[in-house]
Amino acid sequence: MSTRRELPDSPYLAAATGRTPQRVPVWFMRQAGRSLPEYRALRAQHTMMSACFDAELVTEITLQPVRRHRVDAAILFSDIVVPLRGAGIDVDIVPDVGPVIANPVRSAADIAAITALDPAAVAPVSAAVEALVGELGDVALIGFAGAPFTLASYLVEGGPSRNHARTKAMMLAEPQSWHALMTALTDITIAFLTVQLDAGVDAVQLFDSWAGTLSLADYRRHVLPHSARVFTELAGRGVPMTHFGVGTAELLGAMSEAVRPAAAGVVGVDWRTALPDAARRVEPGTALQGNLDPVVLLTGWPAVQRAARDVVDAGRQAVAAGASGHIFNLGHGVLPETDPGILTELVALVHSL
Ligand code: 1CP
């Protein structure tokens with residue numbers, strides 16, 4: 001187990017932990033990958049999954065956006081389904097589709113067959129994290145995992161889905177199966193984050209990308225206890241932890257309750273909710289991350305520039321309204337067709353404000 005780095009000058013860690021950063025920190029979800037020509041060149045020679053299990057490629061792809069854009073945090077290049085592979089599930093990442101599960105999980109027997117994550121199966125992830133913390137200087141390294149609900153949605157549906165109908169059917173009609181599935185996935189998520197924390201990541205983010213498909217009542221009853229267990233079990237690590245989802249305006253309060261045990265809790269906000277409103281919905285002492293609409297980046301620099309200034313202003317208002325900090329990001333991931341030059345200019349603009 002490596003000792004954690006002290007990064008007193010990291011604006012990302014300052015904002016996440018309630019200190020005043022020297023400048024507004026900025027990084028982008030999905031900054032590593034799809035939008036970068038240097039990523040596409042590497043990917044032309046490797047499948048997505050094989051890249052995720054190659055420590056040198058993981059290290060290189062994680063560093064690409066840091067070199068190019070001068071962001072304040074790196075996100076580990078991996079995918080939310082990587083630990084499922086490490087737990088014996090036959091999953092692939094198909095170009096232009098996303099994760100595809102060979103045998104979707106639909107019966108009690110399917111659920112019982114899910115094994116624990118063997119840390120040895122994701123050894124290249126540990127090796128990459130160890131290499132990265134040696135190379136990143138003051139740039140924070142964020143590890144991540146998928147939250148149990150979002151992982152369950154891929155496993156039950158068999159791949160990406162719009163309405164998550166089979167997932168909701170299991171959740172509502174087969175509560176025992178649902179609880180068993182969510183418990184197994186929560187264990188896998190905790191184990192995958194533990195591997196990354198042991199190897200030295202400076203912070204973690206839990207992606208519950210599709211939780212916004214749920215009502216607040218269903219989220220609280222069927223999902224929140226499992227996600228909260230992730231944060232509770234890892235709270236002792238003392239690192240900032242971010243809880244993110246899309247379409248979660250109604251869930252922000254509950255999502256911040258889940259992350260409350262963290263030494264420093266951050267809630268990711270999508271572009272639909274103004275940051276000062278989000279500040280009033282989350283628990284006191286929570287920092288906010290977000291929330292420029294990724295589509296704005298496709299509309300040209302004048303619009304990007306105006307929207308970015310608005311987000312920085314809204315972040316200041318959010319802090320005045322009680323948020324413990326603001327980390328500039330998009331409301332969801334960088335779209336593949338984004339001009340990387342715009343991202344570089346955006347980082348420079350945010351740093352100048
Ligand atoms: O062909 C390719 O090159 C694959 C495209 C790709 C990439 C670059 C996928 C397939 N995953 C990734 C990497 C990835 N995935 C990262 C690290 C890179 C970075 O963030 O810079 C991260 C953090 C993820 C996380 C991820 N994977 C999420 C949560 C974040 C989010 O965007 O909501 C989700 C939902 C996935 C599943 C997934 N993997 C890949 C795709 C296209 C998808 C989404 C599929 C769908 O629409 O349901």
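**Ground rules.** I worked on a predicted model, where local features need pLDDT of at least 70, side-chain atom pairs count only at pLDDT 80 or more, and totals for chains, interfaces and linings use all residues. Residues are numbered from 1 along each chain as its sequence is written, and side-chain values use heavy atoms, with hydrogens and water left out.

**Helix α12.** I took helices (H or I, at least four residues) and strands (E, at least two) as DSSP runs, numbered from the N terminus. I called a residue buried under 20% relative accessible area, exposed over 50% and partly exposed in between (1.4 Å probe, protein chains only). Helix α12 covers residues 224-234, and its buried residues are L224, H226, S227, A228, V230, F231 and L234. I then asked what these buried residues pack against. The partners are α8 (148-157), α10 (175-199), β5 (203-207), α11 (216-222), β6 (240-244) and α13 (252-259).

**Aromatic pairs.** I paired rings of Phe, Tyr and Trp (its six-membered ring) with centres within 6.5 Å; planes under 30 degrees apart are stacked, over 60 edge-to-face, the rest tilted. The count is four aromatic pairs. One of them, Y39 with F77, is tilted, at 5.7 Å centre to centre and 55 degrees between the planes. Y39 sits in helix α2 (residues 37-43) and F77 in the loop between β1 (73-75) and α5 (82-86), so this pair ties together parts 38 residues apart in sequence. Y39 is buried at 7% relative accessible area, and F77 is buried at 5%.

I looked next at F144 and F207. Their ring centres are 5.5 Å apart with planes at 90 degrees, so the pair is edge-to-face. F144 belongs to strand β4 (residues 140-146) and F207 to strand β5, so parts 63 residues apart in sequence are tied together. F144 is buried at 7% relative accessibility; F207 is buried at 12%. Ring pairs join F144, F207 and F244 into a cluster.

**D208.** I found D208 in the loop between β5 and α11. A salt bridge here is a side-chain nitrogen of Lys or Arg within 4 Å of a carboxyl oxygen of Asp or Glu. D208 is buried yet has no salt bridge; K168, the nearest side chain of opposite charge, is 12 Å away. I counted Lys and Arg as positive, Asp and Glu as negative, and left out His and the chain ends. What does the D208 side chain make a polar contact with? The partner is the side chain of T150, at 2.6 Å.

**Salt bridges.** My search of the whole structure gave eleven salt bridges. R68 pairs with E38, the closest N and O atoms being 2.8 Å apart. R68 lies in helix α4 (residues 55-69) and E38 in helix α2, so the pair ties together parts 30 residues apart in sequence. R68 is partly exposed at 31%, as is E38 at 26%.

R229 and D187 meet in a salt bridge at 2.9 Å, N to O. R229 is in helix α12 and D187 in helix α10, so the pair links parts 42 residues apart in sequence.

D277 bridges to R280, with the closest N and O atoms 3.1 Å apart. Both lie in helix α14 (residues 275-281), three residues apart, about one turn of the helix. D277 is partly exposed at 32%, whereas R280 is exposed at 56%. Shared partners join the salt bridges of D187, R229 and E233 into one network.

Definitions and conventions:
Contact means heavy atoms within 4.5 Å. A polar contact is a pair of N or O atoms within 3.5 Å; within protein, one must be able to donate a hydrogen and the other to accept it, and residues adjacent in sequence count only if both atoms are side-chain atoms.
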